[in-house]
Amino acid sequence: AVRWPGVIEAYRNRMPVQDDWTIVTLGEGGTPLLPAPVLSELTGCEVHLKVDGANPTGSFKDRGMTMAVTAALAEGKQSVLCASTGNTSASAAAYATRAGMTCAVLVPRGKIALGKLAQAVAHGARILQIDGNFDDCLELARKTTSDYPSIALVNSVNPTRIAGQASAAYEICDDLGRAPDVHCLPVGNAGNITAYWKGFRAYHADGVIPELPRMFGFQAAGAAPLVHGAPVKNPETIATAIRIGAPASWGTAVAARDESGGLFAAVTDDEILAAYRLLSAREAVFVEPASAASVAGLLKSSAGGTLPRGSLVVCTVTGHGLKDPDTALLTAPDPEIVPIDPAAVAAALELA
Ligand code: F0G
């Protein structure tokens with residue numbers, strides 16, 4: 001086996017890098033494309049999970065962050081700034097550390113999952129909370145970086161991020177030897193659906209894949225501006241990662257849907273939690289709630305007849321379950337206390 005070099009080296013001819021740039025990488029990408037037998041059985045499709053929680057900081061953001069921080073370093077920026085629902089901040093903090101740059105993250109107060117906050121703290125980022133939601137954070141981040149040019153904005157409004165995240169589409173096509181018929185993913189700020197569609201189109205234009213997939217984007221019902229066709233003023237969902245009311249990449253997300261013959265649909269928090277539990281308890285894939293939105297959407301589309309049986313489907317699960325331990329333990333009983341006795345232990349496994 002050859003060591004995976006990270007997404008910039010793996011797809012160098014498709015990345016906006018120059019020969020003399022220092023590549024800032026933590027070995028991101030090369031994540032598993034895992035067959036999902038339970039979901040395949042339930043839907044009558046061939047379903048695979050692109051497990052992007054297996055990235056270095058536990059989410060797909062690393063694919064874009066390697067590009068954004070590499071470019072920022074090459075441009076002589078001193079620090080990086082992002083708005084975030086948590087994963088972008090964890091990723092920015094890690095890659096900035098690797099690059100020797102300082103990092104600040106703007107987050108909505110009290111609405112960040114515990115694991116993500118722990119990561120930003122561990123990597124030494126300045127954590128700036130505001131009384132507002134993600135959309136307010138992004139507006140402030142944009143204004144700050146426009147006033148202070150030595151600070152790099154590393155949100156997905158930065159096109160280098162999108163170029164890096166397109167690597168996930170390349171990997172899926174390389175693994176399958178084709179594109180899926182349908183690609184399902186959760187949509188928040190809409191950078192990722194933009195990046196996937198860009199990646200699939202690039203492979204199609206170069207003749208690497210003969211057919212393009214249909215893009216199915218799923219939003220939480222309380223934060224579903226693309227489904228309604230209008231911004232949502234006070235977005236709410238248990239899936240805090242996609243608690244976003246005014247997606248920055250609105251136009252390119254709509255284009256991905258329309259050009260691919262895809263759809264946007266909403267899934268309720270209950271549907272998200274059911275998919276979240278199914279993934280961990282039956283497929284053995286532990287994801288964070290936002291990631292389960294893609295699978296909730298898959299199941300809903302299958303039940304509603306918008307997903308043709310027999311389709312080859314890839315669901316991207318975007319972030320690791322350890323990001324949000326509070327949700328994992330929400331309905332869990334306290335651990336049992338057992339006597340120091342093998343019979344008691346065996347009884348717990350129903351072997352006695
Ligand atoms: N899944 C997870 C786990 C996320 O963290 C995000 C976005 C998405 C899906 C949606 O991706 O925004 O490209 O449509 N998280 C951002 C953040 C907003 O700040 O970490 P998108």
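**Exercise 1. Which residues make up domain 1 and domain 2 of the protein chain?**

Solution. The domain assignment of the protein chain gives two entries: domain 1 covers 7-59 + 161-328, and domain 2 covers 61-157. The model used here is a predicted one. Taken over C-alpha atoms, the centres of domain 1 and domain 2 are 22 Å apart. Domain 1 brings 47 residues to the contact, and domain 2 brings 37 residues.

**Exercise 2. State how much area domain 1 and domain 2 bury between them, and which residues of domain 1 lose the most.**

Solution. Start with the total: about 3300 Å² is buried between domain 1 and domain 2. Carbon and sulfur atoms carry 56% of this area. Next, look at the side of domain 1. Val24, Arg161 and Lys323 lose the most area to domain 2, and together they account for 25% of what that side buries.

**Exercise 3. Describe the polar links between domain 1 and domain 2, and the side of domain 1 that takes part.**

Solution. Begin with charge pairs. Side chains of opposite charge can pair when their charged atoms come close. Between domain 1 and domain 2 the count is three salt bridges. Elsewhere in the listing of pairs, Asp52 forms a salt bridge with Arg63, with 2.8 Å between the closest N and O atoms. Then turn to polar contacts: 20 residue pairs are found across the interface of domain 1 and domain 2.

Now take the helices. On the side of domain 1 that touches domain 2, at least two residues each come from H1 (7-10), H7 (159-165), H8 (167-176) and H14 (325-328). H7 gives the largest share, four residues. Sorted by type, the residues of this side are 19 nonpolar, 16 polar and 12 charged.

**Exercise 4. Which residues come nearest to the ligand?**

Solution. There are 20 residues around the ligand, and Thr85, Asn189, Ala190, Asn192 and Thr318 come nearest.

- Thr85: a polar backbone atom is 2.7 Å from an oxygen atom of the ligand.
- Ala190: a backbone N or O atom is 2.8 Å from an oxygen atom of the ligand.
- Thr318: a polar side-chain atom is 2.6 Å from a nitrogen atom of the ligand.

Notes: Residues numbered from 1 in each chain as written. Predicted model: local features only at pLDDT ≥ 70, side-chain atom pairs only at ≥ 80, totals over all residues. Heavy atoms only, no water. Domains from an automatic or database assignment. Contact = heavy atoms within 4.5 Å. Buried area = accessible area lost by both parts, 1.4 Å probe. Salt bridge = Lys/Arg side-chain N within 4 Å of Asp/Glu carboxyl O. Polar contact = N/O pair within 3.5 Å; in protein donor to acceptor, adjacent residues only side chain to side chain. Nonpolar A, V, L, I, M, F, W, Y, C, P; charged D, E, K, R; others polar. Near = heavy atom within 4 Å.
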